[in-house]
Amino acid sequence: MERLGTGIGWRPEIAAEIAELPGVDWVEVVAENICPGHLPYALEELRERGTTVIPHGVSLGLGGADRPGPGRLTALAERAEALGAPLVTEHIAFVRAGGPLTASPRMEAGHLLPVPRTRDALDVLCENVRIAQDALPVPLALENIAALINWPGEELTEGQFLAELVERTGVRLLIDVANLHTNHINRGEDPRTALDELPLDALAYVHVAGGVERDGVWHDSHAHPVPRPVLDVLAALCDRTTPPGVLLERDDDFPEGGELAGELDAIRTVLKEARHDRAA
């Protein structure tokens, strides 16, 4: 796996702050928010400085019953090529349903919805992933998502579901430790059990983000500081492997650059302590 280092999600609202942050090795940009022929100047400047930029898609809907749309795949491929990206990433989720085959209106969820952890759903996901892999010029990595519900009749744990997906398709994994924490609070799932079941040799990189708990429900807001429990899940992952890259996500209520730098330092501290513990 390519070594990425420590990164941050690039957003226009914090472009100036990101440009000044020390030790940022790479950034991730929402693929649907950029145009290959007209990249934001601040993003181009980062690329000229040698900063790796990875496009992160949100609209393929690989977990849905429909095959991924050729237009969406072409658009994602164009962004990967325009950015010179070493890989592209997407989510294990469905985002739309309906249409002519169901004689119902096509509906867009506007949200990443969880895929049932059943073998039938896994079969569909694997076929869609293979189609996407064939259409993309670089490797694909898929992210586990945060969820509020469990589907009835699930046959696999999250770790088992992802492990079989990797075995059948060779896809890489983008593990979001904040989402593992979310699923711990909302679904009663132990993140360490998931980590034990994951094929961590397929790990492309890691997401870290903040959220907030209200009335017993964890909201993966990306608008709050990264809490200690999420850093603890990151530490548990680092006990098992050295992640090729770790990225801080922030999507709302953007703080000053000093706070972002502090959160990146907290991530680096976890990585450093894990390396020290493994060497001891």
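Trainee: Which helix gives the most to the lining of the largest cavity?
Mentor: First, the idea. On a 1 Å grid over the protein atoms alone, a cavity is a set of points where a 1.4 Å probe fits but cannot get out; a pocket is an open set with protein on both sides within 12 Å along at least five of seven lines; lining residues have an atom within 4 Å of a point. Here, helix α5 (residues 158-169) gives the most, with 3 residues. Helices (H or I, at least four residues) and strands (E, at least two) are DSSP runs, numbered from the N terminus.

Trainee: What should I know about the model itself?
Mentor: It is predicted: local features need pLDDT of at least 70, side-chain atom pairs count only at pLDDT 80 or more, and totals for chains, interfaces and linings use all residues. Residues are numbered from 1 along each chain as its sequence is written, and side-chain values use heavy atoms, with hydrogens and water left out.

Trainee: What volume does the largest cavity have?
Mentor: A volume is the space filled by probe spheres set on the grid points, which are joined across faces, edges and corners. For the largest cavity that gives about 130 Å³. The search of the whole structure finds 1 cavity of 30 Å³ or more. Its lining includes Ile92, Asn144, Glu158, Phe161 and Arg187.

Trainee: How do the residues of that lining divide by class?
Mentor: Ala, Val, Leu, Ile, Met, Phe, Trp, Tyr, Cys and Pro count as nonpolar; Asp, Glu, Lys and Arg as charged; the others, Gly among them, as polar. The cavity lining has 6 nonpolar, 1 polar and 3 charged.

Trainee: Which residues are closest to the centre of the largest pocket?
Mentor: The largest pocket has a volume of about 750 Å³. Of its 34 lining residues, His91, His111, Leu112, Asp220 and His222 are the closest to the centre. Strand β6 (104-113) is among the elements that give two or more residues. The largest share, 5 residues, comes from β6. By class, the pocket lining has 12 nonpolar, 13 polar and 9 charged residues.

Trainee: Is arginine 250 buried or exposed?
Mentor: Buried means under 20% relative accessible area, exposed over 50%, partly exposed in between (1.4 Å probe, protein chains only). Arginine 250 has a relative accessible area of 4%, so it is buried. It is found in the loop between β12 (245-248) and α9 (257-279).

Trainee: Which side chain does arginine 250 join in a polar contact?
Mentor: A polar contact is a pair of N or O atoms within 3.5 Å; within protein, one must be able to donate a hydrogen and the other to accept it, and residues adjacent in sequence count only if both atoms are side-chain atoms. The partner is glutamate 263, at 3.5 Å. The arginine 250 side chain also reaches the backbone oxygen of histidine 224 at 3.5 Å.

Trainee: What is the phi of aspartate 253?
Mentor: Most residues other than glycine have a negative phi. Aspartate 253 has a positive value, near 50°. It is found in the loop between β12 and α9. With 54% relative accessible area, aspartate 253 is exposed.

Trainee: Where is aspartate 215 found?
Mentor: In the loop between β10 (212-214) and β11. Aspartate 215 counts as exposed, at 83% relative accessibility.
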